[in-house]
Amino acid sequence: MSNSIENKTPALRDRLKALRLAQDPNEARRGALLMRGRLFTWLATTRDALKKAGKPTPKNIAAFWPMAQEPDLTPLLYQWVEEEDITVSLPVVTGPEQPLTFRLWTPDTDMQTGAFGIAEPTGEPAPPPDVILVPTLGFTRKGDRVGYGKGYYDRTLTNLKSQGHTFVALGIAWACGDIDRLDDVVYEPHPHDYRLDGILTDKGWALKLPE
């Protein structure tokens, strides 16, 4: 029997990783394609609506380079940079217990292997992001996020908010990470957890962004 204590141990993360690993690879590839399409459409329609309203449009997108089993958004990043005049950045780990920094990325940017074996750009520091795409292992329909336990994104998002910067934090997750569908888990977020503004999965919007 599981209960809310499970989410305070590695057990829930291990379970979510197992669910993710059990996905059919072909379905995962199709799911990632659908996610890229929905994300492209959301950003394009949002920018058009804000432009017509005479309001600033989001231009600076902080994305992520996928680890194994994470949704692959890289074809969309290429499209944004090459065709849509979007500034894309990627996270860089500067040290333990520190917020992430973001550096500019283009298809020509040199990459190096950073912390946890993740590719990181060596380019210039990026402007503060308008939209942050957050890799999400597990989630609730209220916007609670389960990551990998190091707290980098919670610290980063909280730090940006404390500086008065306005942004949208959008979780990118597989639908199998929906904790609300696990009948034997009652999830209780930690006090330091940062609640996401929206969550996009391969099955659609698990938490739709506000208009």
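Helices (H or I, at least four residues) and strands (E, at least two) are DSSP runs, numbered from the N terminus. The model is a predicted one, in which local features need pLDDT of at least 70 and side-chain atom pairs count only at pLDDT 80 or more, while totals for chains, interfaces and linings use all residues. Residues are numbered from 1 along each chain as its sequence is written, and side-chain values use heavy atoms, with hydrogens and water left out.

Helix α4 spans residues 152-162, and its buried residues are Tyr-152, Tyr-153, Asp-154, Thr-156, Leu-157 and Leu-160. An α-helix has 3.6 residues a turn, so residues three or four places apart point the same way. Just after α4, Gly-164 takes a positive phi of about 80 degrees.

The aromatic residues come next. Rings of Phe, Tyr and Trp (its six-membered ring) pair if their centres lie within 6.5 Å; planes under 30 degrees apart count as stacked, over 60 as edge-to-face and the rest as tilted. The count by this rule is four aromatic pairs. In one of them, the ring centres of Trp-65 and Trp-105 are 5.9 Å apart and the planes stand at 50 degrees, so this pair is tilted. Because Trp-65 lies in the loop between β1 and α3 (74-83) and Trp-105 in strand β3, the pair ties together parts that are 40 residues apart in sequence. Trp-65 is partly exposed, at a relative accessible area of 26%, whereas Trp-105 is buried at 3%. Phe-116 and Tyr-152 form an edge-to-face pair, with 5.9 Å from centre to centre and 70 degrees between the planes. This pair links distant parts of the chain, 36 residues apart: Phe-116 is in the loop between β4 (111-113) and β5 (119-121), and Tyr-152 is in helix α4. Tyr-152 has a relative accessible area of 13% and is therefore buried. The charged end of Arg-155 sits over the ring of Tyr-152, 5.0 Å from its centre; the criterion is NZ of Lys or CZ of Arg within 6 Å of the ring centre and within 35 degrees of the ring normal. Trp-65, Tyr-78 and Trp-105 form one aromatic cluster.

Arg-36 is buried yet has no salt bridge, and the nearest side chain of opposite charge, Asp-72, is 5.2 Å away. A salt bridge is a side-chain nitrogen of Lys or Arg within 4 Å of a carboxyl oxygen of Asp or Glu. The backbone oxygen of Asp-72, however, lies 2.8 Å from a polar atom of the Arg-36 side chain. Residues up to four places away in sequence aside, Arg-36 touches Asp-72, Leu-73, Pro-75 and Leu-76.

Several loop residues complete the picture. Lys-59, in the loop between α2 (25-52) and β1 (60-62), is partly exposed at 31%. With residues up to four places away in sequence not counted, Lys-59 touches Arg-47, Asp-85, Ile-86, Thr-87 and Asp-130. Asp-85 has a positive phi of about 55 degrees although it is not a glycine; Asp-85 lies in the loop between α3 and β2 and is exposed at 56%. Gln-69, likewise not a glycine, has a positive phi of about 75 degrees.

Methods: Buried < 20%, exposed > 50% of the residue type's maximum accessible area, 1.4 Å probe, protein only. Contact = heavy atoms within 4.5 Å. Lys, Arg positive; Asp, Glu negative; His and termini not counted. Polar contact = N/O pair within 3.5 Å; in protein donor to acceptor, adjacent residues only side chain to side chain.
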